[in-house]
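Subject: Structure for your review

Dear colleague,

Please find below the structure that I am handing over to you.

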Amino acid sequence: MAVAALLSPLVLPVSAAAATAPVSGAVFYRFSDKADIYRYLAGKFTKTSVDGAGQFSASPDGKKVAWVDYNSKLHVTSGKTDKIVAKNVIFGAPCATPVWSADSQRLAFPMTGTESTAPIGVVNADGTGAKKVGRTYGVCHLAWSANGRYLAGYAGTTQGVHLLDVTTGKTRKAAGIKLANHVQSLSPDGRKVIIHALKPSDEGGDGVWPSHFRPTVVDTVSGAKLTIPVKGTLIGAIYLRDGRLAVRVKGATRNTVVILSKDLKTVQRFAEPANVRNMGLLQLL
């Protein structure tokens, strides 16, 4: 799909109740012979394509893409610049994706380990400051809380979600989650996690990034599930850095994104460009 074909207008009406900066753009992705990542801002799409086995993530500011190559090396690509920032990264498991810190300055990634657990490395986006922060069963589709303290991922067996405290190096299994094959996002304090929950009869899949998924929001301490007050068929959700919850809703020609305040009141609603309807949503800008 040519980038020019994606240039549909993104309409961003904002409620008067919105107390923080409105969402003004997004990052979408699709798979071709590579992973194609599209940053949309100010009426313009910018495309970045990366190799590997689908192990990639876009920075929260949408300017950089982290990805793992066939030699277990972690790259950061920005425009025409590409830099290897870490080695000994798990490769060949599509779910073993790197994750960016909320300020787009650091990366966390699962390192080569045993079949069920792996050490987690953290490195600055320029390749400096590499260190290990702990070991976890939750190595798949890592999410990083905006306060910088917690990483969450689902187990490679899909049997639960685990949180790693990068300050203490301790891990715990999230309450209330028996089976999951995707972790999309953590609330800023790390208390709530957005997942794709599975029933025992569901297929676990191969761990690639889902283009759409029915989001479930779970309190990782109590196990309580949050009721999302948005009508329609929900196909994704993301926590924003300030604690707002963005919910993606399926549309006949265009999907809609609804932004909820911390008290779950609608503060913004916008229609995505029509030609990204079947793409995955990585970030909101």
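Predicted model: local features only at pLDDT ≥ 70, side-chain atom pairs only at ≥ 80, totals over all residues.

Residues are numbered from 1 along each chain as its sequence is written, and side-chain values use heavy atoms, with hydrogens and water left out.

Overall fold

The chain has 24 strands and zero helices; both are DSSP runs numbered from the N terminus, helices being H or I of at least four residues and strands E of at least two. Its radius of gyration is 18 Å, close to the 19 Å given by the globule rule for 285 residues, so the chain is as compact as a globular protein of that length. The radius is taken over C-alpha atoms, and the rule is 2.2 Å times the number of residues to the power 0.38. Along the principal axes, the C-alpha atoms fill a box of roughly 45 × 45 × 35 Å. Of the 285 residues, 52% are buried (under 20% relative accessible area; exposed is over 50% and partly exposed in between, with a 1.4 Å probe and protein chains only).

Disulfide

The structure holds one disulfide, defined as a pair of cysteine sulfur atoms within 2.5 Å. Cys95 and Cys140 form this disulfide, with their sulfur atoms 2.1 Å apart. Cys95 lies in the loop between strand 7 (81-86) and strand 8 (99-100), and Cys140 in strand 12 (residues 140-144), so the pair ties together parts that are 45 residues apart in sequence. Both Cys95 and Cys140 are buried.

Cavity and pocket

On a 1 Å grid over the protein atoms alone, a cavity is a set of points where a 1.4 Å probe fits but cannot get out, and a pocket is an open set with protein on both sides within 12 Å along at least five of seven lines; lining residues have an atom within 4 Å of a point. Grid points are joined across faces, edges and corners, and a volume is the space filled by probe spheres set on the points.

There is one cavity of 30 Å³ or more, and the largest cavity has a volume of about 100 Å³. Its lining comprises 14 residues, with Phe213, Ile235, Gly236, Ala237 and Leu281 nearest the centre. Strand 20 contributes the most to this lining, with four residues.

The largest pocket holds about 750 Å³ of space. It is lined by 40 residues, and Pro60, Ala102, Tyr239, Arg241 and Gln283 are the closest to its centre.

Single residues

Gln55 lies in the loop between strand 3 (44-50) and strand 4 and, at 0% relative accessibility, counts as buried. Among the residues that Gln55 touches are Trp67, Phe91 and Pro98, a contact being heavy atoms within 4.5 Å.

Most residues other than glycine have a negative phi. Ala42, however, has a positive phi near 55 degrees; this residue is in the loop between strand 2 and strand 3 and is exposed, with a relative accessible area of 76%. Leu264 also has a positive phi, of about 65 degrees. Leu264 is found in the loop between strand 22 (256-260) and strand 23 (266-271) and is partly exposed, at 24% relative accessible area.

With kind regards

Technical notes
Lists of a residue's contacts leave out its neighbours within four places in sequence.
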